[in-house]
Amino acid sequence: MRTKGEVIAQLIDPGIIAVVRAQSSEQILPLSEALLAGGVRAIEITTSTPGAIEAIGEASRALGERALIGVGTVLDVETCHAACEAGAEFVVSPVTKPELVVAAHEHDRPIMLGAYTPTEAQAAHEAGSDFMKFFPADGLGPRFIKNLRAPLPHLRIVPTGGITMENAAEFLNAGSVALGVGSALVSGEILTNADWPELTRRAEGFVATAKAARS
């Protein structure tokens, strides 16, 4: 198992985190393989996925060091512990809940607390959160991220919600360390049709966009 520092380094390189709300747990392995083929290693399996904890364990065992399997939409300490024990290597919550930091760090896992204001983001940082998830990001925009980081440059910001191929570079150039990408990458249509080649194509596009923005 990788250390917290190693996971953090891999989350920000290339900086695309796939946010997965699968229709069934059986989709997790094939969609993960498709994402990996496109260069996306960080895969956040949300708790809204049926059998999410079991799916995290299965993916972690099957994919090993090739992927970073994390858990998303974590709202309570019990779920955080269960996911980490199953094999989740990072934890994401949409809310600012400091007790989740303690739980994740007990397993030496990095955590990303949700925030929407400068006060919430700083509170999450002071609670020990390794990243700040700004959600929904499309309501804030890249300019907000840039302006926020002027007085608070120490924050590792990961905008999520509304990230597309068209605005990904803007968010990265504004100072985001990574992007949480949901339906623009793992769309409902792709899941319904099991269109894994299209998922690989989209993953390649997001990775190429991220690398170009940082070059």
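Which residue in β6 is the bridge partner of leucine 113? The bridge partner is methionine 132. This is a predicted model, in which local features need pLDDT of at least 70, side-chain atom pairs count only at pLDDT 80 or more, and totals for chains, interfaces and linings use all residues. Residues are numbered from 1 along each chain as its sequence is written, and side-chain values use heavy atoms, with hydrogens and water left out. Helices (H or I, at least four residues) and strands (E, at least two) are DSSP runs, numbered from the N terminus.

- Strand β5 covers residues 111-115, and five of its five residues are buried. Buried means under 20% relative accessible area, exposed means over 50%, and partly exposed lies in between (1.4 Å probe, protein chains only).
- Ile111, Leu113 and Ala115 point one way from β5. Met112 and Gly114 point the other way.
- In a regular strand, side chains alternate between the two faces of the sheet.
- Strand β4 (residues 91-92) runs parallel to β5, and two bridges join them. Two strands pair if DSSP finds at least two bridges between them.
- Valine 91 has isoleucine 111 as its bridge partner in β5. From β4 the chain crosses through helix α5 (residues 98-106) to β5, in a right-handed β-α-β crossover.
- Right-handed here means that, with the strands pointing away from the viewer, the path from the first strand over the helix to the second runs clockwise.
- On β5 there is also a parallel pairing with strand β6 (residues 131-134), over four bridges. The chain gets from β5 to β6 through helix α6 (residues 118-126), and this β-α-β crossover is right-handed.

**Helix α3**

- Helix α3 has twelve residues, 52-63. At 1.5 Å a residue it should span 16 Å, and its end C-alpha atoms are 16 Å apart, which agrees. The expected span is 1.5 Å times one less than the number of residues.
- Its buried residues are Ala52, Ala55, Ile56, Gly57, Ala59 and Leu63.
- These buried residues pack against α2 (28-37), β2 (42-46), β3 (68-72) and α4 (77-86). Contact means heavy atoms within 4.5 Å.
- Glycine 64 follows α3, with a positive phi near 55 degrees.

**Two loop residues**

- Arginine 66 sits in the loop between α3 and β3. Its relative accessible area is 43%, so arginine 66 is partly exposed.
- Leaving aside neighbours within four places in sequence, arginine 66 is in contact with Glu33, Leu36 and Arg41.
- Glutamate 89 lies in the loop between α4 and β4. Its relative accessible area is 5%, so glutamate 89 is buried.
- Beyond neighbours within four places in sequence, glutamate 89 has contacts including Met1, Arg2, Val7, Arg109 and Pro110.

**Cysteines**

- A disulfide is a covalent bond between the sulfur atoms of two cysteines. The cut-off used is a pair of cysteine sulfur atoms within 2.5 Å. By this rule the count is zero.
- Cysteine 80 is buried at 0% relative accessibility. Cysteine 84 is buried at a relative accessible area of 8%.
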